[in-house]
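Welcome, and please open your viewer. We will go from stop to stop, selecting a few residues at a time and looking at what is there.

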Amino acid sequence: MAQKFFELIPPGTRFPFVKTAKYFIALSFVLIVVSIATMAFNYSTRGSALNFGIDFAGGSSARLQLAPGKDVPIQDVRDALDAAGFEGASAVTVPDADNQVIVHVKDVASIDMATAKGCEEAVNAYPKAKLKRPMSYQEGASKMFFVFESAPVYSELEAVLSKAGCEGKVDKGTGKQDEFPVEVSLVGMGVKIQDELNKALGQGTVTSIVSSETVGAKVGSQLKADGVKSLLYALGFIFLYVMLRFDLRFAPGGILALAHDAFITVGAFALTWKEFNLQTIAALLTIVGYSINDTIVVFDRIRERVALSRDTPIEETTDIALNETLSRTILTSGTTLLVVLATWALGSGTIKDFAFALMIGIVVGTYSSLFIACPVFLWVNRRFYGGEGHLLTADDAAAATVDAGTVLAADNAEIDEATGRAIGDLRAEAAAKAASQGEGEADKGQGVGAEDGDEPAKASRRRRRQRPQS
């Protein structure tokens with residue numbers, strides 16, 4: 001009894017991918033236009049094309065836990081932040097958490113160098129301990145370091161620093177035995193935001209700080225540039241890989257499909273105004289790697305089909321290859337999409353946004369492998385190779401084989417002719433020698449027989465034994 005296996009795509013399916021590709025290319029064009037228009041609208045109305053997180057824009061972010069059972073309108077939180085003087089402040093509720101808010105401000109926890117110098121002068125004036133060497137501090141850092149000749153009183157030193165504008169916690173540092181190092185941890189923006197909200201909304205409104213982070217403006221700009229470079233480097237190296245793995249006809253289609261996937265995913269973030277941060281860059285790199293894997297499988301099947309049926313038009317061969325890989329493409333992308341959907345539905349925070357990016361990228365990447373990469377490959381083959389680029393290697397190889405066979409046949413003919421002449425000369429020489437020997441033996445036999453009376457039959461047998469075989 002023959003076994004039957006489940007097949008998602010029945011054998012013999014011939015969906016016209018090449019003919020319908022123009023509709024999907026038009027759809028991609030519309031999506032790209034919408035993405036660009038959305039980014040332009042965001043820039044004109046909100047001041048930024050994307051909702052850059054503090055990783056790229058710089059500033060501070062704090063996730064705060066509000067008191068249980070205390071209903072605080074989010075607009076009251078925003079008004080309190082504006083009244084406290086926080087520049088560019090925003091606040092949103094956390095939908096998947098109980099009574100939590102996320103606050104973003106452009107302020108950072110660090111202090112500028114002018115304030116740091118003022119704090120150093122205040123510490124120099126501290127009467128109970130003398131500085132042994134100058135303060136150690138880098139702009140944008142969250143800690144300051146002092147080394148005293150004698151032990152200071154930490155509470156008094158905290159008051160001196162706070163009065164000078166360097167509010168923080170003073171602790172004992174590490175150093176040599178004859179030194180008294182002090183480490184000052186500057187108060188983070190999370191603590192400041194908590195204090196200001198408690199003052200405005202009532203003590204105990206903010207019970208704890210769930211998480212807090214700060215990124216300087218310079219660091220944010222550098223991270224943004226590094227994120228763009230990482231995407232460009234990934235696309236460049238993938239282009240080289242496809243060009244070496246296949247040939248130059250396939251590489252443009254693969255790279256255009258990857259850039260298409262990444263751009264539409266970025267457009268989805270612009271449209272939904274989700275936070276665009278380092279996790280989003282990681283998601284884009286993941287999408288690029290996943291999408292090129294699917295495209296490589298399709299390209300490999302096209303190349304195999306071209307080798308099997310070189311007389312078939314390349315468009316028909318491409319359609320057959322795409323239909324043969326369609327079941328694998330849908331199953332692979334579908335199972336991956338199920339996991340991503342579960343992560344998006346059950347996750348929270350940055351994990352949810354990461355899953356959102358993957359969800360968009362998988363869907364777009366799957367159809368770009370079928371309707372973007374392959375049409376570009378066919379266009380390159382038609383535009384720059386006259387529609388016969390896939391046959392060049394076969395024709396060259398066939399011509400080389402024919403030439404080599406002709407040369408080899410000619411060489412073999414010359415060798416056979418020379419060998420034949422040599423063999424013929426040897427045979428003629430042997431025959432002449434045998435004839436001469438036979439005549440001499442006959443004469444000798446006749447003479448002996450006359451004199452000694454031998455029978456003629458014996459002489460004849462001797463001639464037969466001595467005659468060489470030709």
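A pocket, as the word is used here, is an open set of grid points where a 1.4 Å probe fits, with protein on both sides within 12 Å along at least five of seven lines. Its volume is the space filled by probe spheres set on those points. Keep in mind throughout that this is a predicted model.

**Stop 1: the second largest pocket**

Start with the second largest pocket, which holds about 360 Å³ of space. Select Val 228, Leu 231, Phe 263, Val 266 and Leu 284: of the 17 lining residues, these lie nearest the centre of the pocket. Now show helix 7 (217–245), helix 8 (251–272) and helix 9 (278–308), the elements that each give two or more residues to this lining. Which helix gives the largest share of the lining? Helix 7 does, with five residues. If you colour the lining by residue type, you will find 16 nonpolar residues, one charged residue and no polar ones.

**Stop 2: Val 288**

Stay with helix 9 and select Val 288, which lies in that helix. Is Val 288 buried or exposed? Its relative accessibility is 3%, so Val 288 counts as buried, the limit for that word being under 20%. Next, show the neighbours that Val 288 touches beyond four places in sequence: Leu 235, Ile 238 and Leu 258.

**Stop 3: the largest pocket**

Now move to the largest pocket, with about 1,300 Å³ of space. Its lining has 41 residues, and those closest to the centre are Asn 51, Val 92, Ile 102, His 104 and Glu 275. Several elements supply at least two lining residues each, among them strand 1 (51–52), helix 2 (54–57), strand 2 (59–66) and helix 11 (350–385). Strand 3 (90–93) is also one of these elements, and its four residues are the largest share of the lining. Colour by type again: here the lining divides into 13 nonpolar, 18 polar and 10 charged residues.

**Stop 4: the disulfide**

A disulfide is a covalent bond between the sulfur atoms of two cysteines. How many does a search of the whole structure find? The search finds one. Select Cys 119 and Cys 166 to see it, with the sulfur atoms 1.8 Å apart. Cys 119 is in helix 4 (residues 113–124), while Cys 166 is in the loop between helix 5 (154–163) and strand 7 (168–172); the pair links distant parts of the chain, 47 residues apart. Look along the S-S bond: the torsion there is about 100 degrees, so the disulfide is right-handed. Cys 119 is buried, at 0% relative accessibility, and Cys 166 is buried too, with a relative accessible area of 0%.

**Stop 5: Phe 180**

Select Phe 180 in strand 8 (residues 180–186). With 32% relative accessibility, Phe 180 counts as partly exposed. Leaving aside neighbours within four places in sequence, the contacts of Phe 180 are Phe 146, Val 147, Phe 148, Glu 149, Ser 150 and Ala 151. Pick Ser 150 from that group: Phe 180 and Ser 150 are 6.0 Å apart, C-alpha to C-alpha, and 30 residues apart in sequence.

**Stop 6: aromatic pairs**

The last stop is about rings, and the count comes to 14 aromatic pairs. Select Phe 250 and Phe 377, a stacked pair with 4.4 Å from centre to centre and 10 degrees between the planes. Phe 250 lies in the loop between helix 7 and helix 8, and Phe 377 in helix 11, so this pair ties together parts that are 127 residues apart in sequence. Phe 250 is buried, at 3%, as is Phe 377, at 1% relative accessible area.

For another arrangement, select Phe 269 and Phe 356, an edge-to-face pair with 5.5 Å from centre to centre and 70 degrees between the planes. Phe 269 belongs to helix 8 and Phe 356 to helix 11, 87 residues apart. Phe 269 counts as buried at 0% relative accessibility, and Phe 356 counts as buried at 9%.

To finish, select Phe 15, Phe 17, Phe 24, Tyr 367 and Phe 371 together, a cluster linked by ring pairs.

Methods
Residues numbered from 1 in each chain as written. Predicted model: local features only at pLDDT ≥ 70, side-chain atom pairs only at ≥ 80, totals over all residues. Heavy atoms only, no water. 1 Å grid on protein atoms, 1.4 Å probe; cavity = no way out; pocket = protein on both sides within 12 Å on 5 of 7 lines; lining within 4 Å. Nonpolar A, V, L, I, M, F, W, Y, C, P; charged D, E, K, R; others polar. Buried < 20%, exposed > 50% of the residue type's maximum accessible area, 1.4 Å probe, protein only. Contact = heavy atoms within 4.5 Å. Disulfide = S-S within 2.5 Å. Phe/Tyr/Trp six-rings, centres within 6.5 Å; stacked < 30°, edge-to-face > 60°.
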